[in-house]
Amino acid sequence: MSENLLEIRGLKTHFFTRAGVVPAVDGVSLDVRAGEVIGLVGESGSGKSMLGFSILGLIDEPGRIVAGDIRYKGKSLVGLPERDMQRIRGKEIAMVFQDPSMTLNPVLRIDTQMIETIQAHEKVSRKAALARAIDVLERVGISSAETRIRSYPHQFSGGMRQRVAIAVAFINRPDLIICDEPTTALDVTIQGQIIHEFQTLCREEGTALIWISHDLGAVASIADRILTMYAGHIVESGPAQAVLHAPHHPYTAGLIRSIPSQVPRGERLYQIPGNTPNMLALPSGCPFRTRCPRATEQCTTYPASMAFVAGHDFVCWHPENAQ
């Protein structure tokens with residue numbers, strides 16, 4: 001059996017619209033080891049969330065997985081019957097969404113929702129489930145959990161609702177949690193607290209994370225490895241510090257230069273020129289070439305495979321920091 005918890009090979013998730021085919025995820029391959037934190041970064045529309053939804057089998061029509069495989073603990077998830085996927089979702093692989101309202105039902109009390117989440121996967125008494133729910137709420141920083149668990153979602157602030165959503169994700173002690181920009185809508189102080197809570201819980205439980213974000217600053221503080229995604233492709237992958245300090249793909253370098261803290265006080269903030277491409281009409285070759293300062297005629301042909309330099313991988317004819 002593979003030592004990897006999750007293996008994705010050549011995954012393609014396409015959406016078949018009246019205007020044409022949208023290759024939201026286009027040939028992605030990656031591995032996640034037990035207890036590892038993967039930071040998946042890129043601009044909005046790069047395919048990050050679709051990759052997360054694909055893993056959990058949450059792609060609705062007109063989208064579908066058209067090629068590739070997703071293996072969890074050696075077992076393929078592609079084409080798995082819905083009943084079998086329901087046993088995995090929430091129990092072995094959980095997801096935290098950017099908006100906690102996608103997790104929490106506004107008309108049910110928190111205790112009801114958390115108890116149902118436990119009892120959907122385990123035969124335990126309501127009393128035992130309630131005790132576990134209170135414990136998890138306390139661990140994510142919610143004070144007076146015994147009282148507040150009887151509240152409705154609207155009685156919590158946005159940050160507290162997100163903490164409850166995180167507690168729901170952790171409550172069945174999953175092996176892998178996919179976090180889809182869980183701190184984007186929160187203020188900086190709350191972001192830092194939630195990232196710290198994830199680090200603590202994952203260290204204690206040995207849970208692996210796929211942390212999806214466009215915020216490289218947040219990813220830098222939590223990830224073991226960083227993967228950069230653009231136009232449905234993984235364009236760079238490597239140890240977090242190696243990628244942050246010596247990015248090879250010009251897109252990754254542009255994302256790092258766009259972090260406000262990287263710009264000296266009083267200077268104009270850097271931004272990557274142009275816009276993300278229309279996924280219905282991608283340019284030939286490298287999809288980033290129309291925005292890339294290093295692009296040449298060679299870039300009209302997509303590299304056949306990833307290159308390897310300094311311990312990490314990239315797909316680029318003219319990489320940075322790769323000498």
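Helix H10 (residues 250-257) is largely enclosed by the rest of the structure, because seven of its eight residues are buried. Buried means under 20% relative accessible area, exposed means over 50%, and partly exposed lies in between (1.4 Å probe, protein chains only). Helices (H or I, at least four residues) and strands (E, at least two) are DSSP runs, numbered from the N terminus. The buried set in H10 is Pro-250, Tyr-251, Thr-252, Ala-253, Gly-254, Leu-255 and Ile-256. These residues pack against strand S3 (37-41), helix H8 (216-220), strand S9 (225-230), strand S10 (233-239) and helix H9 (240-245). Contact here means heavy atoms within 4.5 Å.

This is a predicted model: local features need pLDDT of at least 70, side-chain atom pairs count only at pLDDT 80 or more, and totals for chains, interfaces and linings use all residues. Residues are numbered from 1 along each chain as its sequence is written, and side-chain values use heavy atoms, with hydrogens and water left out.

Now the whole protein. It has ten helices and twelve strands. Its radius of gyration is 20 Å, which agrees with the value near 20 Å for a compact globule of 323 residues. That radius is taken over C-alpha atoms, and the globule rule is 2.2 Å times the number of residues to the power 0.38. Along the principal axes, the C-alpha atoms fill a box of roughly 65 × 50 × 40 Å. Buried residues make up 50% of the 323. Among contacts with a separation of 6 or more, 64% join residues 24 or more positions apart. The protein exposes about 15200 Å², and carbon and sulfur atoms supply 50% of that area. Accessible areas come from the Shrake-Rupley method with a 1.4 Å probe; for residues, only the protein chains shown count as cover.

The structure holds two cavities of 30 Å³ or more. On a 1 Å grid over the protein atoms alone, a cavity is a set of points where a 1.4 Å probe fits but cannot get out; a pocket is an open set with protein on both sides within 12 Å along at least five of seven lines; lining residues have an atom within 4 Å of a point. Grid points are joined across faces, edges and corners, and a volume is the space filled by probe spheres set on the points. The second largest cavity has a volume of about 40 Å³. Pro-250 and Gly-254 are among its lining residues, as are Arg-257, Tyr-270 and Phe-288. Its lining divides into five nonpolar, one polar and three charged residues. Ala, Val, Leu, Ile, Met, Phe, Trp, Tyr, Cys and Pro count as nonpolar, Asp, Glu, Lys and Arg as charged, and the others, Gly among them, as polar.

The largest cavity has a volume of about 70 Å³. Phe-288 lines this one too, and the lining also includes His-249, Cys-286, Cys-292, Cys-299, Cys-316 and Trp-317. By class, it has nine nonpolar, one polar and one charged residues.

Of its 16 lining residues, Gly-57, Ile-59, Ile-65, Leu-77 and Gly-79 are closest to the centre. H1, strand S4 (63-72) and H2 each give two or more residues. S4 gives the most, with three.

H1 (residues 48-55) is itself mostly covered, with six of its eight residues buried. Gly-57 follows H1 and has a positive phi, near 65°. A cis peptide bond joins Glu-61 and Pro-62, with omega about 15°. Pro-62 lies in the loop between H1 and S4.

Arg-173 is not a glycine, yet its phi is positive, about 55°. It lies in the loop between H6 and strand S7 (176-180). Arg-173 counts as partly exposed because its relative accessibility is 48%. Glu-181 also has a positive phi, near 50°, and lies in the loop between S7 and helix H7 (188-205). At 7% relative accessibility, Glu-181 counts as buried.
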